[in-house]
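Q: Please take me through this model and the criteria behind its descriptions.

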There are 2 protein chains.
Amino acid sequence: MVIGGDAGGMAAAAQARRMRPDATDLEIVAFERGTRTSFAACGIPFRVGGLVPELDDLVARSPEEHRARSQIDVRTRHDVLGIDLDARTVEVRDLERDETLVEPFDQLLIGTGARPIRPPLPGIDLDLVHGVQNLDDAEHLLGHASSGCRRVVVVGGGYIGLEMAEAFCMQGMEVIVVEAAPQVMRTLDDDMGALVHDAMVRHGIEVRTGVAVEGFEPDRVLTSEGPVPADVVVLGIGVQPNGELAAAAGIETGVRGAIRVDRRQRTTAEGVWAAGDCCESVHLVSQQRVHVALGTVANRQARVAGINIGGGYASFPGVIGSAVTKLCSTEIGRTGLTEAEARAASFEPAAATITAKTRAHYYPGAEDLRVKLVAERGTGRLLGGQIVGGEGAAKRIDVVATAITAGMTAAQLAETDLSYAPPFSPVWDPVLIAARKAAEAADA
Amino acid sequence: MVIGGDAGGMAAAAQARRMRPDATDLEIVAFERGTRTSFAACGIPFRVGGLVPELDDLVARSPEEHRARSQIDVRTRHDVLGIDLDARTVEVRDLERDETLVEPFDQLLIGTGARPIRPPLPGIDLDLVHGVQNLDDAEHLLGHASSGCRRVVVVGGGYIGLEMAEAFCMQGMEVIVVEAAPQVMRTLDDDMGALVHDAMVRHGIEVRTGVAVEGFEPDRVLTSEGPVPADVVVLGIGVQPNGELAAAAGIETGVRGAIRVDRRQRTTAEGVWAAGDCCESVHLVSQQRVHVALGTVANRQARVAGINIGGGYASFPGVIGSAVTKLCSTEIGRTGLTEAEARAASFEPAAATITAKTRAHYYPGAEDLRVKLVAERGTGRLLGGQIVGGEGAAKRIDVVATAITAGMTAAQLAETDLSYAPPFSPVWDPVLIAARKAAEAADA
């Protein structure tokens with residue numbers, strides 16, 4: 001039995017089916033509160049921005065496809081209300097028929113995801129305030145964008161905030177981003193976040209940092225620095241794991257209420273598994289438990305859970321927090337620990353930041369990029385990296401992610417034979433230059 | 001004393017100067033046969049294609065700049081004729097004054113580079129036949145492109161052949177590539193080379209594989225399958241290291257006549273160093289000596305030589321043969337060993353090839369890319385990778401290069417937390433999918 005119809009749940013279910021293709025050998029039933037399964041929530045900003053012609057383009061696999069291809073009994077508009085671990089049943093509300101059922105399970109997979117944080121502020125439930133979670137949100141926001149709304153306030157300057165700001169810019173709206181912290185992009189160090197701030201301003205977005213949102217009225221946002229007029233408000237202040245259902249059943253939860261799982265995605269309850277945005281991960285660099293709500297992590301965890309539920313063996317090694325995004329022509333990548341995070345995790349970090357070009361300086365379209373690498377003082381072991389720059393900048397972070405995963409030092413990365421041609425890189429790849437400087441900093 | 005004014009020589013000289021900034025402590029003289037120093041030969045095709053407005057844009061550092069910034073006594077139009085290891089002198093021809101000098105050295109760095117192979121065929125010295133080596137070649141070829149030449153025959157379907165074919169296409173010329181081997185891009189396996197062949201045809205280039213060039217006449221190329229009309233011919237059949245000067249002095253040479261060097265870029269002669277296209281490298285995967293004429297390798301070797309000559313310690317770990325190029329909108333990347341090379345190096349390779357998208361399938365501009373990974377059967381150790389695909393495909397090879405350098409297995413790479421966002425990647429990065437398949441193949 002699967003609770004939750006998106007990546008965490010359905011990717012696990014489909015994987016379990018691949019392990020045991022015979023439906024009589026493994027019956028799978030999946031409950032989903034909404035009407036859709038396996039949709040790309042990451043695609044919502046691009047739908048709102050007008051880049052995705054059909055909403056269905058964001059659906060990777062519909063309930064019908066899950067039924068046909070994987071023999072999964074998908075029941076949409078079914079809201080699971082409770083889990084009884086002793087009785088091995090769940091209580092589930094059929095929202096269409098308006099009746100409550102009790103359904104038995106042998107193995108249970110919880111893939112309940114996460115929800116946008118909605119702080120309990122006055123006016124939070126007003127119509128103009130939107131979260132970004134499912135495809136209905138995409139359609140509502142797209143509707144606003146195309147129906148004469150002029151002014152949007154985005155609360156929060158993180159990934160969602162940035163991507164939604166870009167989306168509304170593309171729709172010709174006036175965009176104001178309000179961030180309570182002193183800098184946007186809190187997953188970067190402040191010096192790199194400042195580059196993102198600059199880029200936002202350059203791309204025509206108004207940014208107000210250090211400003212707290214205090215409430216909402218039908219046509220404005222109330223902040224610590226006075227009211228800001230708004231036709232629509234988007235919340236981009238992070239997500240909260242949906243761990244309550246598990247917690248209520250007596251399953252252990254941890255960081256921010258996310259469900260605790262072991263390497264094989266087992267919860268603390270026998271025969272109960274969890275995957276995706278609702279559960280914890282282990283950070284491979286800090287060795288701390290973290291809650292990382294990303295599609296990559298959800299799919300990887302779901303695959304592990306599905307293999308194990310199907311009778312195979314798989315373990316999830318953990319995350320290093322790799323992420324990329326873009327704001328118009330400015331790309332942003334990060335992996336591992338920031339300098340601040342490294343310090344908080346008791347490392348003594350040494351950091352180096354360099355400016356270089358995305359291509360040979362003489363090749364058309366060569367743009368600046370800035371690379372910051374963080375290494376451990378003394379050993380030189382790579383701890384993290386951040387990149388902000390023009391086209392071709394962000395995905396270079398994957399080299400750093402690979403080096404961190406392999407336990408390489410900055411000096412080893414600096415000696416790596418990365419590829420070069422004028423349309424792709426200067427002869428010394430920016431990552432290599434940064435690695436050399438980080439090695440020197442770690443040695444000093 | 002430095003012989004050769006491009007990367008191998010001058011990057012080493014500049015590095016040695018950084019180690020010992022005082023000119024009285026280290027005198028540096030550099031002889032260059034031509035008139036320019038430190039130019040980007042890799043940029044020639046893009047100059048010919050019309051993308052680089054000024055030829056000087058390809059000069060990273062002129063003789064004057066080397067003199068001013070690094071106190072290097074650069075003597076252009078000086079052709080070194082011989083090295084006397086016993087007398088510690090070189091014999092050098094001043095081409096301007098037409099006189100021969102004998103100059104003493106304490107330490108000698110050979111950075112003589114490589115030259116395009118010119119097979120001894122009838123008509124090879126005709127005016128229409130061009131190599132691609134220095135900036136004068138760039139201007140000659142650009143002159144042809146802009147002066148009514150209509151039809152160019154490119155001999156050889158490797159990197160230079162491909163890039164020159166693109167350049168002439170951009171200039172609106174008719175381009176025919178003649179390749180003696182059964183497939184273009186011999187640095188890829190045939191199955192991946194076939195994708196490049198297809199791309200060439202798609203981009204309007206005529207490709208004739210398995211066709212041997214037998215000679216040249218003023219308006220045509222003679223081949224094993226008859227004459228091919230040509231206004232201009234470009235040779236792209238590889239380069240020959242300029243190791244003769246060293247060999248004549250009794251310095252050991254190896255693969256294809258390239259100068260043998262140790263980890264610190266020392267030749268077999270005391271106090272004589274070599275760096276760049278004139279010398280050998282060690283391949284980190286095959287552990288064989290190879291001749292890799294690439295700007296990255298030249299600069300890395302030169303840096304090592306310069307540090308050592310300046311009294312420091314540095315060693316060059318070797319190469320893994322990473323390279324990227326593009327043909328119009330088709331990108332090509334490779335690193336490590338191909339399946340064929342792995343077999344030739346006594347590995348038992350297991351390979352996997354997958355097709356995926358460069359971006360989320362719903363994001364505009366998502367294009368196909370094909371990734372082939374080669375792993376060692378049994379251990380699963382990564383041996384090499386090849387990528388052919390649309391925009392954003394090629395530089396992904398750096399992740400594979402990093403993983404190979406770190407000694408990762410395909411399974412380890414498959415578990416790596418690479419970054420994802422719809423404009424940059426599908427949720428499962430193509431490299432990760434290929435790594436998983438390669439791990440399975442190696443395990444089978």
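A: Helix α1(B) is mostly covered, with 11 of its 13 residues buried. This is a predicted model, in which local features need pLDDT of at least 70, side-chain atom pairs count only at pLDDT 80 or more, and totals for chains, interfaces and linings use all residues. Residues are numbered from 1 along each chain as its sequence is written, and chains are lettered from A and ligands numbered from 1 in the order in which they are written.

Q: Why is A:Asp79 called partly exposed?
A: A residue is buried if 20 or more other C-beta atoms, placed from the backbone, lie within 10 Å of its own, exposed if 12 or fewer, and partly exposed in between. A:Asp79 has 15 such atoms within 10 Å, so A:Asp79 is partly exposed. A:Asp79 belongs to strand β4 (residues 78–84) of chain A; a strand is a DSSP run of E with at least two residues, and a helix one of H or I with at least four, numbered from the N terminus.

Q: What is the span of helix α1 of chain B, and what is expected?
A: The expected span is 1.5 Å times one less than the number of residues. Helix α1 (residues 7–19) of chain B has 13 residues and reaches 18 Å from its first C-alpha to its last, close to the 18 Å expected.

Q: What relation superposes chain A on chain B?
A: A rotation of 180° with 0.0 Å of shift along its axis does so, at RMSD 0.0 Å. That is therefore the relation of a two-fold axis. Copies are superposed by least squares on the C-alpha atoms of residues with pLDDT of at least 70 in both.
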